[in-house]
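Welcome, and thank you for taking a look at this structure with me.

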Amino acid sequence: MTTPTTPVAASAATGVGTPKAGASTQARQRTRAAWLFLAPTLFAMALVAGWPLARTFWFSFTDANLTDMAASQFVGVESLRAVLEDPDWWTTVWTTFRFALVSVFLETALGLIIALALNAKFPGRALLRAAVLVPWAIPTVVSARMWGWMFNDLYGVINAILLYLGLISEPLAWTAEPGLSFAAVVAVDVWKTTPFMALLILAALQMLPEDIYEAARIDGAGPLRSFFQVTLPLLKGPLMVAIIFRMLDALRVFDVFFVLTGGSTETMPMAGYARQQMFEYQLIGVGSASASLLFALIAAFTALYMVVGRVKLDEGA
Amino acid sequence: MKKVLAGLVAVAALSTPSVALAEKIVIACGALGQEADVCKQGAEAWAKKAGHTVELMSVPTDAGQQLAQFQQLLAAGSSDIDVVRIDVVWPGIVANHFIDLKPYFPEDVLKQHFQPIVQNNTVNGKLIAIPWFTDAGLLYYRKDLLEKHGQKPPTTWQEMAQVAQAVVDAEKKAGNTRLVGYVFQGKAYEGLTCNALEWVDSFGGGTIVDSKGQITINNPKAAEAIDFFAGLIGNVAPKGVLSYEEEGARGVFQKGDAVFMRNWPYAWSLANAKDSPIAGKVGVMALPKGGPDGKSTGTLGGWQLGVSKYSKNPAIAAELVKYLTSAEEQKRRALVASFNPTIMSLYKDAELLKANPFLGELYDTFVNAVPRPTITGAKYNQVSTEFRNGVHATLSGKGKAADNLKKVEAKLKKLGKNGKW
Amino acid sequence: MRFVKKAAFWLLLAVILLYTLFPFYWAIVSSLKTGSALFEVDPWPPVPAWSNYSAVFTAQPFGQNILNSVIVAASVVVLSLLLGLTASYALARITFRGRKALLLSVLGVSMFPQIAVLSGMFELVRWLGLYNSLPALIVSNLILTLPFTVWVLTTFMRELPKELEEAAVMDGATQWTILTRVFLPLLGPAMATTGLLAFIAAWNEFLFALTFTQSDRVRTVPVAIALFSGGSAFETPWGLIMAASVIVTVPLIVLVLIFQRKIISGLTAGAVKG
């Protein structure tokens, strides 16, 4: 926190240069100030992101064990191979991708509907917009616990309602059966993150010029047609960015699964697999290898995000 | 020399409790039912006597997650915990992080405990923990409901299923729609390993890995046992058991909504507590046999107390362990919370037998409980996970036991090549 | 026809409202039930019982957990803002070589999966001697909030008019003066938004807290709630869990209601504007 004072002293000393050399001195000075301004952040990022990530990569090539991490030995791709040859790993990959695809799809669809509704003008709109934000602000663990109780097989309100409506004839074991618990996890995630989607889409909607709708209306397009032919194409850019952004989030998922289902490999995300290897089996090496694989996957998606995001920037500029 | 020194320190600490500075000892006990409260009472009684203070560290209910918690703490070399409650299957996994307690416990004290447990807690000649209480799976049943419908306590699992079905059907007709037949620990965690090992063993299907380290789980009797229980899911047992831990199962039984329950002895005193809806209506027996020529069995559970190598006050911590594992404290815990003692003489204590009649009747079950395959040492946790995943898949309708056990066998063979773990 | 359309619209709004608020409502209802009432599906407890709310604080060290969460989240926010302020000024207002690469790596780090740094962070925390202490969480949570803060503040700062600093440069002001005297006063709203989002991120963090803290006295709220088990000998303490959930959610809801505009602008700046 003391670093920022240095540029003041430094630039104060050379602050008023000779008019002739001014331009280049100033440029150099600015560059130096920039790096000084960045130094604390760069140091912090190197400490909390760069170094741990590098260590995780390193562990991936060792047989590091939690019991004695200092005694690890380089084993080449042995740990990576152990992960890739483990059918359980592939189960978690499949679960994670299924989770990401299904929940992001539902979030986008629901988010679109909610955004369109909120885009209309009606009394109490601000209040509703705030209400929609509530699930997003709630800690994931808390929402998983709340839903876990609602999903309780014998005493949960969801089974009670479904039974009352006659949609099911006997209580469903929501958090127990792999298929159902997957659905339950998706439900919680959709509930929690749809608001985020809705608000991103709403922001994009509000940037659309009004007159296009006018034009469409004059052309005699109904609301549905104007949505699919006018609104959706215009939303494509921001929508893609939002979807990839959410996909990244969904692929990293851990807490919902951990709190709601717990344990079974059938319903475990990739992050859960890595944690299990590291802290339940003490296999830091294998766990780090799987975490590195997840990282590589996310990195690929991030690159995609950046490409798509930049395309959008160019359009906007 | 070191041992002598440590012994001297222990003696000094014991003989001059009032002179020693007051230290804070942190202990992790369990989290099932009233366990934490009972542990706290004991620890605080010691603290008052010894002039120290104690603090409880709360732990997750899932034993596997508890192990993860301790592993992280101990691997970080943290001195934030002194006394750790160790599961009977953990010594091979965690031995590195604990001190040798032999200097603190004279031979004659150790001789009072069940010897197999003491041996279990000795790793490479190091006594890493002192037995605290022992466990075996028991079958709880609703005496009142069975009598009402003219049923007898079952001797085989098949009978259990029939009795449960009959009682549930009759009660349903009378309007009791919430009643279910049988609850157990079916979530994919250590508890399911315990349950499934009982099924397999009671059908004569062995113990997953035998005492020589050979993998035996892929056999027809084991498959038959697991298929039998998979058949109960959705009719006799609610599908929800696939997510129950001990407390989930007990919650249903304790409310009076289940006819049978498999659980550990701790559930006895809770079921019969003053405000319990089922007080006085509960019977307890050894687990049924797997068919007429099967055997009655129960998985050996139980917990020990060890002292962390990173503790700042190992001598004082050992003192606390000594107090908690003493005959007096074990008796108190058995009286108030039905934790089975590990000291043999207590099984003949009249007062205890009166409070927990099953202690005497089921003595053989406790002594002959089937151990989980701890021969797998540090890999036990993986072995257990693979096994219960196979079982959980079968229970949730993903394939037949025979196929799933074959997969389990293949995975275990990778973990322990040629019986070497 | 118009009436039907209008009714359908209001129905849609009602469904949206029900969907988003029902779980929270049900948590409140359940938190007011004790004993067997908890297991009956009543839309409102016959006799609202507040005992769960007091039990949360007596049966569990929940007050301590809340305090821990506040300390961690507040420290993380302050640190992130302090660090992020100068960094984002440099990234937004100064042209220098490597700026673009830095911006991209900041964005990249904000996408890091926590699990990918977990084992390395475990080692780091242990090495720093911070294991099982709040500073461990403050340090590790920076990976969640710092890149995000830098990114959003950069976006905000880029939008401020150029004339501002040009005038200051003419007067011979240094970069530091420009940042503190010219920009900082204008950044209040942006700082509030970013700080709020960072606060929520740190408040909700689970995996690091689960891994780096184990004692009750240093546990934060999410882990405490996830591991809630004791307190009652006769039932899974759903009433307690729901009461705890309500307690930690209400302040967040209040924050959201007050700052909803700011939050939305921050979220969109963080994600869409790229």
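This is a predicted model: local features need pLDDT of at least 70, side-chain atom pairs count only at pLDDT 80 or more; totals for chains, interfaces and linings use all residues.

1. Helix α9 of chain B covers residues 190–202 and helix α10 of chain B covers residues 220–232; their axes are 8 Å apart, and the packing angle is about 125 degrees. Angles under 35 degrees count as roughly parallel, over 145 as roughly antiparallel, 65 to 115 as roughly perpendicular and the rest as oblique, so α9(B) and α10(B) are oblique to each other.

2. Which residues of α9(B) and α10(B) meet? From α9(B) come B:Ala196, B:Trp199, B:Val200 and B:Ser202, and from α10(B) come B:Ala222, B:Ala225, B:Ile226 and B:Phe229. By class, the residues of this contact between α9(B) and α10(B) are seven nonpolar and one polar, with no charged residue.

3. Chain B also holds an open sheet of four strands with mixed pairing, in the order β8-β9-β7-β10. At its edges are β8 (180–183) and β10 (282–286) of chain B, each of which pairs on one side only. From one strand to the next, the twist averages 15 degrees.

4. Now for a closer look at one pair in that sheet. β8(B) runs parallel to strand β9 of chain B (residues 258–263), and three bridges join the two. Opposite B:Val180 you will find B:Ala258 in β9(B). Helix α8 of chain B (residues 157–173) packs on the sheet, where α8 touches β8 and β9 of chain B, and its direction makes about 145 degrees with that of β8(B).

5. How many residues of chain C and chain B are in contact? The contact involves 15 residues of chain C and 23 residues of chain B. On the chain C side, five are nonpolar, seven polar and three charged.

6. Finally, chain A has two domains to pick out: domain 1 spans 5–60 and domain 2 spans 79–316. Their C-alpha centres lie 39 Å apart. Domain 1 of chain A gives four residues to the contact and domain 2 of chain A gives eight. On the domain 1 side of chain A, the touching residues are two nonpolar and two polar, with no charged residue.

Conventions. Residues are numbered from 1 along each chain as its sequence is written. Chains are lettered from A and ligands numbered from 1 in the order in which they are written. Two residues are in contact if their C-beta atoms, placed from the backbone, lie within 7 Å. Ala, Val, Leu, Ile, Met, Phe, Trp, Tyr, Cys and Pro count as nonpolar, Asp, Glu, Lys and Arg as charged, and the others, Gly among them, as polar. Domain bounds come from an automatic or database domain assignment. Two strands pair if DSSP finds at least two bridges between them. Axes are lines fitted to C-alpha atoms, for helices over the stretch in contact, and angles run from 0 to 180 degrees between N-to-C directions.
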